Amino acid sequence: MDGMSGPYVIRGSVSLPEAELMWRFSRSSGPGGQHVNTSDSRVELSFDLAKTEALPQVWKARALERLAGKLVDGVLTVRASEHRSQWRNRETAAVRLAALLAEASAPPPKPRRPTRIPRGINERRLREKKQRSDTKRGRSGRDWG
């Protein structure tokens, strides 16, 4: 990975609009050396889902509905602080945001159409069940001394 890896694709030709991403940087919590107190490596990436024009209307409606619990005033925020470098955290946050939006705006799955079990297979299953039950019935020790 060299340089920021360009537009973060959500799905198809739709990608995260660079202009609408709001970045905030702060100090990561957790252990680190002397460097940790001076570097703002934790990344917070916000995206105003309610106001954006970058997503197709249908996707936007779907995403707003599905991400309702994660939104604050229509804004989706993603945090990343697992890497020591701010750059890698930015990368992680952007990828995470794109994945969230991709999942939230995906079309609902097609309804399952039940398939019929072929008659031969069903008959074989019943035959085997009967055989098994005969075997077991033969085990109850009436005749055994």
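Student: Arg124: how is its relative accessibility read, and how does the residue count?

Tutor: Buried means under 20% relative accessible area, exposed over 50%, and partly exposed in between, with a 1.4 Å probe and protein chains only. At 46% relative accessibility, Arg124 counts as partly exposed. This is a predicted model, in which local features need pLDDT of at least 70 and side-chain atom pairs count only at pLDDT 80 or more, while totals for chains, interfaces and linings use all residues. Residues are numbered from 1 along each chain as its sequence is written, and side-chain values use heavy atoms, leaving out hydrogens and water.

Student: With which residue does Arg124 form a salt bridge?

Tutor: Side chains of opposite charge can pair when their charged atoms come close. A salt bridge here is a side-chain nitrogen of Lys or Arg within 4 Å of a carboxyl oxygen of Asp or Glu. Arg124 pairs with Glu128, the closest N and O atoms being 3.9 Å apart. Both lie in helix H3 (residues 119-137), four residues apart, so about one helical turn separates them. Helices (H or I, at least four residues) and strands (E, at least two) are DSSP runs, numbered from the N terminus.

Student: How many salt bridges does the structure hold?

Tutor: The structure holds seven. One of them joins the side chains of Arg24 and Glu44 (2.9 Å, N to O). Arg24 lies in strand E3 and Glu44 in strand E4, so this pair ties together parts 20 residues apart in sequence. Arg24 is exposed, at 54%, whereas Glu44 is buried, at 11%.

Student: Which residues are linked in a network of salt bridges?

Tutor: The network links Arg24, Arg42, Glu44 and Arg79.
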